[in-house]
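Subject: Handover of a structure and notes on it

Dear colleague,

Please find the structure below, together with a written account of what was found in it. I would be grateful if you read the account with the model open beside you.

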Amino acid sequence: MVRILAATDFSEDNRPVLDFTANMVKQTGGKMYLLHALEPCMMDAAGSMAADDMLGGFATVPSFEDEPENTVLAMADKRAKHLAEQISLEYDIPIYGKAEEADDIVSCVHDFCARHKIDILVIGNRHHSLLTSIFLGNTAEKLVRAAKIPVTVVPCGPKAR
C-alpha cells in the first residue's frame, strides 16, 4: 500500500495539495496522511492572532489554559483530524490527520515521513515574490532539497489559478 503525505497549513490556497493527494490515493488504493507542522513561535504568537488566521476558522478563541485540549497545538491537531475526516468522506479513502510541534518545519515533515514510512510527499508552492524568497526562504524548496523520498510540488495560491 502506497502511503502519501500531504503537508498543509490549513489555508484555502493549500486545498489543491489535499485534492491532488486524495486523488492519487484514490487511484492507487493507498493511504493518505495529512500533517500540519506548527512552529513554537506561531504557538507563542497565537495569543495575538485572530482565530481565523491561526487555524483557518476552526477555533473560536485561542485558549492557553492548563487543560491539554485547549492548547494551540491541540486545537491544530483537532483541525487536522477534522479536515482529514472531511476529505476521507469526500473521496472515500483512509486518511490520518495530525498536527505536530516543529522547531524546524523541514525536519518535522521529514521525521514524520520516516516514522510513518511515507512513500511520497506532496507539498504546495505559493510562488512567493523573489524578495520574500530571499529574506524568508522557501519552505517548499527546502523540503525538496532535504527529501529522501519523491516529492510532488503542487502549485497553490492566486498565481497558480
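A residue is called buried when its relative accessible area is under 20%, exposed when the value is over 50%, and partly exposed in between, using a 1.4 Å probe and protein chains only. By this rule F112 is buried, at 0% relative accessibility.

Two remarks on the source are needed. This is a predicted model, in which local features need pLDDT of at least 70 and side-chain atom pairs count only at pLDDT 80 or more, while totals for chains, interfaces and linings use all residues. Residues are numbered from 1 along each chain as its sequence is written, and side-chain values use heavy atoms, with hydrogens and water left out.

Overall organisation

The chain has 161 residues, of which 40% count as buried. Its secondary structure comes to 7 helices and 5 strands; here helices (H or I, at least four residues) and strands (E, at least two) are DSSP runs, numbered from the N terminus. Read from the N terminus on, the elements follow the order β-α-β-α-α-α-β-α-β-α-α-β. Contact means heavy atoms within 4.5 Å. Among contacts between residues at least 6 apart in sequence, 68% join residues at least 24 apart.

The sheet

Two strands are said to pair if DSSP finds at least two bridges between them.

Strand β2 (residues 31-38) is joined to β3 by 7 bridges, and the bridge partner of Y33 in β3 is Y96.

Strand β4 is joined to β1 by 3 bridges, with V122 in β4 as the bridge partner of A6. On β5, 5 bridges pair with β4 in the parallel sense, and the partner of I123 is V153. Why is β4 described as largely enclosed by the rest of the structure? It is so described because 5 of its 6 residues are buried.

The nonpolar cores

A nonpolar core is a set of buried Ala, Val, Leu, Ile, Met, Phe, Trp, Tyr and Cys residues joined through side-chain atoms within 4.5 Å. The largest has 25 residues, and those touching the most other members are L18, M32, L34, I87, I93, I95 and V122. Elements giving two or more residues to this core are β1 (3-7), α1 (15-28), β2, α4, β3 and β4. Helix α4 supplies the largest share, 7 residues. A second, separate core of 13 residues includes L5, A7, Y33 and F112.

The aromatic residues

Rings of Phe, Tyr and Trp (its six-membered ring) pair if their centres lie within 6.5 Å; planes under 30 degrees apart count as stacked, over 60 as edge-to-face, and the rest as tilted. The structure holds 3 aromatic pairs. One of them, Y33 with Y96, is edge-to-face, at 5.8 Å centre to centre and 65 degrees between the planes. Y33 lies in strand β2 and Y96 in strand β3, so this pair ties together parts that are 63 residues apart in sequence. Y33 is buried, with a relative accessible area of 4%, whereas Y96 is partly exposed at 29%. Y96 also forms a stacked pair with F112, at 6.4 Å centre to centre and 20 degrees between the planes. F112 lies in helix α5 (residues 105-115), so the pair ties strand β3 to a part 16 residues apart in sequence.

Helix α5

In α5, the buried residues are V106, C108, V109, H110, F112 and C113. Their cover includes β1, β2, β3, β4 and α7.

Yours sincerely
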